[in-house]
Amino acid sequence: MNNVQRENDDTYPDFGLYWGDAYDEYADAQNKTAETTKAVVFLAGLVGGGTALELGCGNGHIALPLGKAGMQIHGLDSSTRMLSLLDQKNDPHLVQTHHGDMANFDFGMRFDLIYCVNNSFTHLLSVERQLSCLRSVTNALEDDGHFVIHLNYPNTTDFTGKGMQADQRTTVFHVDEHRTLVRFTKHDRNDQIFISQDLWITPEGVRTLPTKLRYVYPSELELLTRFVGLGLVERWGDWERRPVDTSSWSHVSVFRKTDSTVAL
Ligand SMILES: C[S@@+](CC[C@H](N)C(=O)[O-])C[C@H]1O[C@@H](n2cnc3c(N)ncnc32)[C@H](O)[C@@H]1O
């Protein structure tokens, strides 16, 4: 008997339709440039002269600088809008783009490095889709290759309202003289889903940027990867390899193929 009622379906809207035009400005407001440079150095150190694949490559924040540094980079994204924004900057042809679903991919080739950064993995909205993605990763990874995943720690604090508002939170993300970014979040703790609306407020008006994600705990990720024959070899608190501790708000986890899988 299965009486599990889920409040959420696991379909994700086309990210680029809402976020495409705002993404670079948003990253800039969050001071992401320095972090991007560190991520590129970290990933370049793992790929060597080989071939890498980014899952959820977006408009190429990470893939394009890796391509510029001489790596052979493929990028997979489900949003045609994000891929077309990447293609506008993809001159000369540095990144080979693929339109598709990271929950189920197979390009008929293997990669020395597969990476999924800036929480793209959480856009897979069910444990089944996350597991299916990890299975595709194992199949597409060279035997001595690396899989890198970069995620924020789930922040389930501050849902301090009472009664009907108990699952909701408001966060001010950014304020300067020209713009304000406020996020309203609703939390479904049973399915580990955050639904949020960012309000991007400027003198020109207000824009709404929706997000829906299924967060994963580091321990849960480790378990899921064991089911598909991947083993954790390194975990860091950031791209500069600072240790993970109880104050870390993100983690960079590096996996390699193992000889064993845990049976489902
Ligand atoms: C937060 S953005 C990150 C983009 C890029 N990795 C970066 O660091 O700038 C997440 C990206 O994942 C893509 N995405 C969401 N679900 C996906 C899926 N099922 N398969 C492939 N890409 C997906 C979105 O279209 C979006 O471009």
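The chat below covers the ligand shell, the core, the strands and one arginine.

Student: What should I know about the model and the numbering before we start?
Tutor: This is a predicted model: local features need pLDDT of at least 70, side-chain atom pairs count only at pLDDT 80 or more, and totals for chains, interfaces and linings use all residues. Residues are numbered from 1 along each chain as its sequence is written.

Student: How many residues surround the ligand?
Tutor: There are 22, and the closest are Phe15, Gly56, Gly58, His61 and Ser79.

Student: Which helix and which strand each supply at least two residues of that shell?
Tutor: Helix 1 (15-19) and strand 2 (72-77). Helices (H or I, at least four residues) and strands (E, at least two) are DSSP runs, numbered from the N terminus.

Student: How do the shell residues divide into nonpolar, polar and charged?
Tutor: The shell has 10 nonpolar, 10 polar and two charged residues. Asp, Glu, Lys and Arg count as charged; Ala, Val, Leu, Ile, Met, Phe, Trp, Tyr, Cys and Pro as nonpolar; the others, Gly among them, as polar.

Student: New topic. Which residues of the largest nonpolar core touch the most other members?
Tutor: Leu43, Ala52, Leu66, Leu113, Ile114, Tyr115 and Phe147, out of 54 residues in that core. Such a core is a set of buried Ala, Val, Leu, Ile, Met, Phe, Trp, Tyr and Cys residues joined through C-beta atoms within 7 Å.

Student: And what does isoleucine 114 touch?
Tutor: Leu53, Leu55, Val137, Ala140, Leu141 and Phe147, leaving out residues up to four places away in sequence. Contact takes C-beta atoms, placed from the backbone, within 7 Å.

Student: How many bridges join strand 6 and strand 7?
Tutor: Seven, with strand 7 covering residues 180-188. Valine 172 stands opposite valine 182 in strand 7.

Student: Where is arginine 169?
Tutor: Arginine 169 is in strand 6.

Student: Why does arginine 169 count as buried?
Tutor: Because arginine 169 has 20 C-beta neighbours inside 10 Å. Buried takes 20 or more other C-beta atoms within 10 Å of a residue's own, exposed 12 or fewer, and partly exposed lies in between; C-beta atoms are placed from the backbone.

Student: What does arginine 169 touch?
Tutor: Asp158, Phe159 and Thr185, not counting residues up to four places away in sequence.

Definitions and conventions
Near = placed C-beta within 6 Å. Contact = placed C-beta atoms within 7 Å. Pairing = 2+ DSSP bridges.
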